[in-house]
Amino acid sequence: MRGGTGAPRARLAELVAALSLGVDLGFGQPMEHVLRQCLIALRLADQAGLGEQDRMAVYYTALLVNVGCHADAHEQAKWFGDDIAFKSGKYRDEPGSVRGALATMRLAGAGNPPLRRVRVGFEFAFSGHRDLDGMISQHARLARGLAEQLKLPEPVRDGLGAAHELWDGRGRPGVLKADAIPVAARIAQLAEFMEVAYRVGGVPGATALARGRADRQFDPALAGLLCARSEEIFGGLEAVPAWRTVIEAEPAPAVELSPDQLDRALAAIANIVDLKSPFTLGHSVAVAELAEEAGRRLGRPPEQVQALRRAGFVHGFGRLGVSNSIWDRPGPLSAGEWDRVRRYPYLTERMLHQSAVLAPLGEIAVQHRERLDGSGYPRGLSGGAISRPARVLGAADAYASLREPRPHRPTWPAEDAARQMRAEVRAGRLDGAAVDAVLEAAGHRLPRRREALAGLTAREVEVLILLARGLSTKQIAERLVITPKTARNQVEHVYARIDASSRAAAAMFAVQHGLLPEEKLSETARP
């Protein structure tokens with residue numbers, strides 16, 4: 001669809017479908033796994049005779065069902081080593097089964113030396129399993145929250161909120177069972193597991209799994225329908241172009257986005273992607289603001305300034321495909337781990353390239369880690385091969401990264417960050433004009449005002465920010481020079497005030513209320 005200027009209009013389905021490709025990566029699945037599960041869900045909905053409103057709920061629930069599952073990847077990596085490898089095991093065992101619980105226990109402490117692994121295993125057995133239960137419930141809340149920000153209708157929100165409930169009532173959070181679970185959630189969950197079972201074992205494998213888990217995990221009527229109509233549901237699935245078919249299958253009327261709506265949607269998705277690590281909270285929005293202002297100061301035309309802002313929102317999407325055992329590691333990375341890091345801009349490009357609206361942003365984003373001397377990644381481009389917008393985006397990302405904490409170093413003070421940026425110019429790695437524009441914009445950056453939110457005191461806001469960044473209660477006490485007991489009480493009070501029960505939920509609250517990142521452009525720097 002096109003707007004009045006002849007430019008392609010963004011469809012919400014394209015944004016959600018692009019995000020789903022990152023979810024695939026985060027679960028260790030081949031790209032388009034979620035797209036195919038959406039097609040299975042729609043075919044099942046058609047066989048069940050659902051109306052258009054229910055089909056809309058099925059469509060977006062199937063695409064977004066696991067969108068919140070990377071939000072506590074930091075904690076998953078702490079307990080299980082590689083969070084992506086951990087999540088990839090989701091489809092091996094039945095949720096809530098003894099076999100699944102034992103498989104989870106066997107993974108505890110993976111990637112650690114033997115003694116450390118034993119210690120982590122004991123810690124997980126004592127308290128970690130409760131954390132895991134809370135994580136699963138939180139995933140559904142985050143997915144529902146994103147649907148609210150994207151202005152999706154209530155049936156979609158309800159479907160996502162119940163995405164991890166099970167037919168027999170043993171799901172998470174375990175407040176719904178049987179027909180009380182929205183039909184969109186029941187179909188989406190069945191379709192998700194069927195896509196993997198069909199890909200691995202064909203129709204016999206899928207129908208055997210559906211029959212085996214009917215009345216426990218799956219709605220028995222839907223499982224029976226899938227088995228009875230397996231040819232209609234699975235026929236030709238591997239041959240259809242998944243992206244195009246899913247976009248064309250969006251229930252009418254298609255949701256088109258105005259330019260402002262597109263910006264808000266991209267920012268919402270960027271914030272949820274940045275939840276993957278406590279060290280990147282709010283990073284993409286900060287880069288977008290900085291790149292936009294730098295582009296304006298360089299005299300770029302309005303359409304380039306707009307593209308820079310949007311490329312800032314999307315530039316980190318590919319991070320979903322790299323484990324937090326790498327992102328959050330305080331020590332040095334191996335050569336193999338560096339290879340995985342260097343792939344993430346390429347993964348971003350792959351996520352965006354099938355959309356006419358998003359592909360140009362991917363072309364900028366894929367180059368944001370390239371360097372003029374050829375030392376960057378993913379393709380080792382140099383000199384004129386790196387586009388002007390990518391040079392600006394790269395400078396904005398570099399500066400914002402220095403001004404944020406990382407697992408291997410604290411935040412760089414503003415003047416030190418500026419000196420480092422200029423050193424990169426002298427070394428021939430960053431573009432001088434782009435760096436000057438970014439630093440000029442950054443010179444108007446001020447600490448965010450920590451206004452009272454949800455009845456929190458100024459100290460409790462500090463606690464919230466540290467909590468969101470992944471600090472333990474003990475570390476918060478040390479940072480604020482208070483007793484562990486006082487810190488524990490303040491953490492509990494913060495959780496109660498903001499209605500959260502996990503670090504990921506606290507992080508999202510902090511980002512949405514402008515507390516992270518801790519700097520923003522001053523009003524005097526805006527046009």
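Residues are classed here as buried when their relative accessible area is under 20%, as exposed when it is over 50%, and as partly exposed in between, with a 1.4 Å probe and protein chains only. The structure is a predicted model, in which local features need pLDDT of at least 70 and side-chain atom pairs count only at pLDDT 80 or more, whereas totals for chains, interfaces and linings use all residues. Residues are numbered from 1 along each chain as its sequence is written, and side-chain values use heavy atoms, with hydrogens and water left out.

Salt bridges were identified as a side-chain nitrogen of Lys or Arg within 4 Å of a carboxyl oxygen of Asp or Glu. By this rule the structure contains 38 salt bridges. One of them joins Asp-179 to Arg-186, with an N to O distance of 3.7 Å. Asp-179 is exposed, at a relative accessible area of 58%, while Arg-186 is buried, at 16%.

A further salt bridge, with an N to O distance of 2.6 Å, pairs the side chains of Glu-154 and Arg-144. Because Glu-154 belongs to helix 8 (residues 154-161) and Arg-144 to helix 7 (residues 114-149), this pair ties together parts that are ten residues apart in sequence. Helices, and likewise strands, are DSSP runs numbered from the N terminus (H or I and at least four residues for helices, E and at least two for strands). Both partners are partly exposed: the relative accessible area is 39% for Glu-154 and 23% for Arg-144.

Asp-431 and Arg-391 also form a salt bridge, their closest N and O atoms lying 3.0 Å apart. This pair links distant parts of the chain, 40 residues apart, since Asp-431 is in the loop between helix 21 (414-426) and helix 22 (432-442), and Arg-391 is in helix 20 (residues 388-402). Asp-431 is buried, with a relative accessible area of 12%, and Arg-391 is buried as well, with 14%. Elsewhere, a network of salt bridges links Asp-263, Glu-292, Glu-293, Arg-296, Arg-297, Arg-309, Arg-310 and Glu-440.

Helix 21 comprises 13 residues and spans 19 Å from its first C-alpha to its last, close to the 18 Å expected at 1.5 Å a residue; the expected span is 1.5 Å times one less than the number of residues. Ala-417, Ala-418, Met-421 and Glu-424 are buried in this helix. These residues lie on the same side of helix 21 because they cover an arc of only 115° around the axis, the arc being that of the directions from the helix axis to the C-beta atoms. Glu-415 and Arg-426, on the other side of helix 21, are exposed. The buried residues of helix 21 pack against helix 20 and helix 22, where contact denotes heavy atoms within 4.5 Å. After helix 21 comes Gly-428, which has a positive phi, near 80°.

In helix 20, which supplies part of this packing, lies Asp-397. Asp-397 is buried, at 1% relative accessibility. The C-alpha atoms of Asp-397 and Gly-316 are 9.7 Å apart, although 81 residues separate the two along the chain.

Asn-324, in helix 16 (residues 324-327), is likewise buried, with a relative accessibility of 1%. A polar atom of the Asn-324 side chain lies 2.6 Å from the backbone oxygen of Lys-276, and the side chain also makes a polar contact of 2.8 Å with the side chain of Asp-328. A polar contact is a pair of N or O atoms within 3.5 Å; within protein, one atom must be able to donate a hydrogen and the other to accept it, and residues adjacent in sequence count only if both atoms are side-chain atoms. When neighbours within four places in sequence are left aside, Asn-324 is in contact with Ala-73, His-74, Ala-77, Asp-83, Lys-276, Ser-277 and Arg-329.

Zero disulfides are present in the structure, a disulfide being a pair of cysteine sulfur atoms within 2.5 Å. Cys-38 is in no disulfide, and the cysteine sulfur nearest to it, that of Cys-69, is 17 Å away. Cys-69 is in no disulfide either, its nearest cysteine sulfur being that of Cys-38. Cys-38 is buried, with a relative accessible area of 0%, and Cys-69 is buried at 4% relative accessibility.
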